Amino acid sequence: MVLKLEHVTKKFGDFTAVDDLSLEIPDKEMFGFLGANGAGKTTTFRMILGLLDASGGKITWDGKPIDYSTSHLVGYLPEERGLYPKLKVRDQIVYLARLRGMQKAKALTELKLWLDRFKIPEYENKKVEELSKGNQQKIQFIAAVVHKPKLLILDEPFSGLDPVNVEMLKEAVLSLKENGATIVFSSHRMEHVEEMCEHLCILQKGSPVVHGSLKEIKRSFGKKNLVIHADFSLDSLKSYPGVVKSKTTMEGIHLQIEGEYIAEKILKEIVNQGFIRKFSLEEPSLNDIFIEKVGDSYE
Amino acid sequence: MNSFWIILFHTYINKLKTKSFIITTLLTVLIVLALTNLNNIIDIFDKDGGKENIAVLDETGQLYEPFKKQVKLINKDIKLSPFEGSVDNAEKAVEEGRYQGIVLLAMNEENLPLATYKAMSIADSSMFTDLNTSLQQVKTMLAASQIQLTAAQLEKLYEPVSFEKIALEKNAKTEEELNQARGLVYVLLFIIYFSVIMYANMIAMEVATEKSSRVMEILISSVSPIKQMFAKIVGIGLLSLTQLAVFLSVGYFSFKQNMESLKEGFMGVYGFGDIPFETILYAVIFFILGYFLYATLAAFLGSLVSRIEDVQQMITPMTLLVVAGFMIAMFGLGKPDASFITVTSFIPFFTPMIMFLRVGMLTIPIWEALIGIGILVATITILAIFGARVYRGGVLMYGQSNSFKDIKKALQLTKKE
């Protein structure tokens, strides 16, 4: 059940929202979509779901396009959260689950399990408008997964949640993946993608700038981070050949270097200058890669 | 169950359960009950307070009896009684509330009646008119006897002229039938008018609510927007039929109960005695078609706004169309054969009301009605196809959207290129 995007393009008039995007999302994997606002993430999701027709290219899941005949296998958490404000949680979930082809009784048992899991069983008969925003988001999440979808699309699932709830939701997403769902999610938060996804894609202005498995992306990026804390001034290192970027901190300096061999040279250079409290060579974070590829304009 | 039916019943049952729906239905039922029981209600209030006591101070001694006789003929509820005593005493009696008013009767120099009416207030003009007319009759009789006319001559003088209206067209409605049809058509037009406005509004609100609460995106990822739109339209349509069924059955049974007393009253005049089956059939057809026409329009207009506050603004042009149709129909009640009415009855947005008016009031060839229905059905189909496309794009559109330019934008969203 591979989800395949082949040369997908979407144009709105003269504006190109997604430009020649080709991806392959393996079965039962978690795939991360990164990108600045307006990069085309939501448009891509809408095309995957068949809500928008692509201007060009092809999207297939298990060799077939996704349409309303497969809607019971697909779960979707839109970026803009919304439920019927006047409807009780229970009626709401049952209605949405039934629209995805689930039986009422089954939806109710499933709902109870999820409410217990999120530690909010008392909300079953409350109206959605009476709940806090975080709890509404949990209900929304339940609405997306209650019918046990094989393909789950989560648009910014963790935005606006406190750390405790983020953990709770993360665990839920991971357990869904263990149960065999293919999950595609987008996020602004690099650490979430870094932590959870095997594969990812960074979109910029509709085209993928980085795409592949997390490990490969990091390896091929080449550059490493070097953190040095020392008692003497390290400012001279800023112009050292092979240093791409530098940032002075309270305790020392953070450097981005072209490769491991530069670190070796720097160590030799400074080892006799005084006491070095910390000298650590680190893998580049996704954040570094993102900033490098998408540009500093993004925050 | 098919998702179409799930949405249909979800819409239907949820709307059925809302307080506002229950309250409107109950209130209207009360009004229907009140209307059909009007005679009984009037009787209840008239039991004691109905009779008006009037004192008559007859200076001449010969006017009281004929005056009383005339008054009795004109209005049974006015009770006259002779008053013995002075004018001052009589006035006091009125002030104390024993009498509604006093009538002072006298003769002028030509030996004809002369009267004064005194009351605490002279706001009740209908009673004064009755008294006045009665006295006028007395005066005419007196004057006639003075110039020595016989009763037969007098009768001839007052006999109404014979003037009959006859329609030459075969099967044309007689004057009486026209009057009856007018009343019935009037009431049914009102029902069509109100229902179309009310339920079209309901649909636009429903769509806008789903959009503004952003639940729409989940919905359209589960079920196609077109299916949703029609499920919603049919669901609300079912709701409107439920409501109408309640009104009609309450009205019918209450009407049956009070048949006798009502037939004499104004209802009989306005054609509720026996309702022609054809008119009802046409009413149902035009009601349903009118509903679908405006419901489709409302659904796609509703899909264009992203905030509930903008709904009214968006559907105002549509509401104006309905109002215009209704106004023309009201004008047509008095002149159903005007060519203006004939022409407008073929304009689809007016057809439900005006073609119905024509089939109800006139005897038009059946093909004219069928052409009207045909044009209407074609318009509904075109509107549904076009509306569904706008709806599909419109529900994904958010932001400042309350102009008709958005229709173009919405269409663009659904385009492939």
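**Figure 1. The four-stranded open sheet of chain B.** In this predicted model, four strands of chain B are arranged in the order 2-1-3-4 as an open sheet with mixed pairing. Strand 2 (78-82) and strand 4 (113-119) of chain B are the edge strands, and each of them pairs on one side only. From one strand to the next, the twist averages 25°. Strand 1 (residues 52-58) and strand 3 (residues 101-107) of chain B run parallel and are joined by five bridges. Within this pairing, B:Asp58 stands opposite B:Leu105 of strand 3 of chain B.

**Figure 2. Helices packed on the sheet of chain B.** Helix 4 (residues 64-74) of chain B packs on the sheet and touches strand 1, strand 2 and strand 3 of chain B. The direction of helix 4 makes about 170° with that of strand 2 of chain B. Helix 5 (residues 87-95) of chain B also packs on this sheet, where its contacts are with strand 1, strand 3 and strand 4 of chain B. For helix 5, the angle is about 155° with the direction of strand 3 of chain B. As a whole, chain B has 18 helices and four strands. Of its 417 residues, 33% count as buried. Among contacts in chain B between residues at least 6 apart in sequence, 77% join residues at least 24 apart.

**Figure 3. The three-stranded open sheet of chain A.** Three strands of chain A form an open sheet in the order 2-1-4, with antiparallel pairing. Strand 2 (15-25) and strand 4 (56-61) of chain A each have a single partner strand, so one side of each is left without a neighbour in the sheet. Neighbouring strands of this sheet are turned by 20° against each other on average, direction ignored. Seven bridges connect strand 1 (residues 3-12) and strand 2 of chain A in the antiparallel sense. One residue pair in this arrangement is A:Lys11 with its bridge partner A:Thr16, which belongs to strand 2 of chain A. Helix 1 (residues 41-48) of chain A packs on the sheet and touches strand 1, strand 2 and strand 4 of chain A. The direction of this helix makes about 60° with that of strand 2 of chain A.

**Figure 4. The surroundings of A:Val94.** A:Val94 is found in helix 2 (residues 89-99) of chain A. A residue is buried if 20 or more other C-beta atoms lie within 10 Å of its own; A:Val94 has 23 C-beta neighbours inside 10 Å and therefore counts as buried. Not counting residues up to four places away in sequence, A:Val94 touches A:Lys104, A:Ala107 and A:Leu108. One of these, A:Lys104, is ten residues from A:Val94 in sequence, and the two C-alpha atoms are 6.1 Å apart in space.

**Figure 5. Helix 9 of chain A and the residue that follows.** Helix 9 of chain A spans residues 286-294, and its buried residues include A:Leu286, A:Asp288, A:Ile289 and A:Phe290. An α-helix has 3.6 residues a turn, so residues three or four places apart point the same way. A:Gly295 follows helix 9 of chain A and has a positive phi, near 110°.

**Figure 6. Nonpolar cores.** The largest nonpolar core contains 139 residues. The members that touch the most other members are A:Ile93, A:Ile183, B:Ile203, B:Tyr294, B:Ala295, B:Ala298 and B:Met353. Leaving aside neighbours within four places in sequence, B:Met353 is in contact with B:Leu189, B:Ile192, B:Tyr193, B:Gly325, B:Phe326 and B:Ala329. Another core, of 17 residues, lies apart from the largest one; among its members are B:Leu57, B:Phe83, B:Val103 and B:Met127.

**Figure 7. The contact between chain A and chain B.** In this interface, 18 residues of chain B are in contact with 23 residues of chain A. On the side of chain B that touches chain A, two or more residues each come from helix 1 (3-17), helix 9 (216-222) and helix 18 (405-414) of chain B. Helix 9 of chain B gives the largest share, five residues. By residue type, this side of chain B divides into seven nonpolar, seven polar and four charged residues.

**Figure 8. The domains of chain A.** Chain A is divided into domain 1 (3-218) and domain 2 (223-283). The C-alpha centres of these two domains lie 41 Å apart. The C-alpha trace of chain A spans about 75 × 45 × 35 Å along its principal axes. Its secondary structure comes to nine helices and 13 strands, and 37% of its 299 residues count as buried.

Methods
Residues are numbered from 1 along each chain as its sequence is written. Chains are lettered from A and ligands numbered from 1 in the order in which they are written. This is a predicted model: local features need pLDDT of at least 70, side-chain atom pairs count only at pLDDT 80 or more; totals for chains, interfaces and linings use all residues. Domain bounds come from an automatic or database domain assignment. Two strands pair if DSSP finds at least two bridges between them. Axes are lines fitted to C-alpha atoms, for helices over the stretch in contact, and angles run from 0 to 180 degrees between N-to-C directions. Two residues are in contact if their C-beta atoms, placed from the backbone, lie within 7 Å. Ala, Val, Leu, Ile, Met, Phe, Trp, Tyr, Cys and Pro count as nonpolar, Asp, Glu, Lys and Arg as charged, and the others, Gly among them, as polar. A nonpolar core is a set of buried Ala, Val, Leu, Ile, Met, Phe, Trp, Tyr and Cys residues joined through C-beta atoms within 7 Å. A residue is buried if 20 or more other C-beta atoms lie within 10 Å of its own, exposed if 12 or fewer, and partly exposed in between; C-beta atoms are placed from the backbone.
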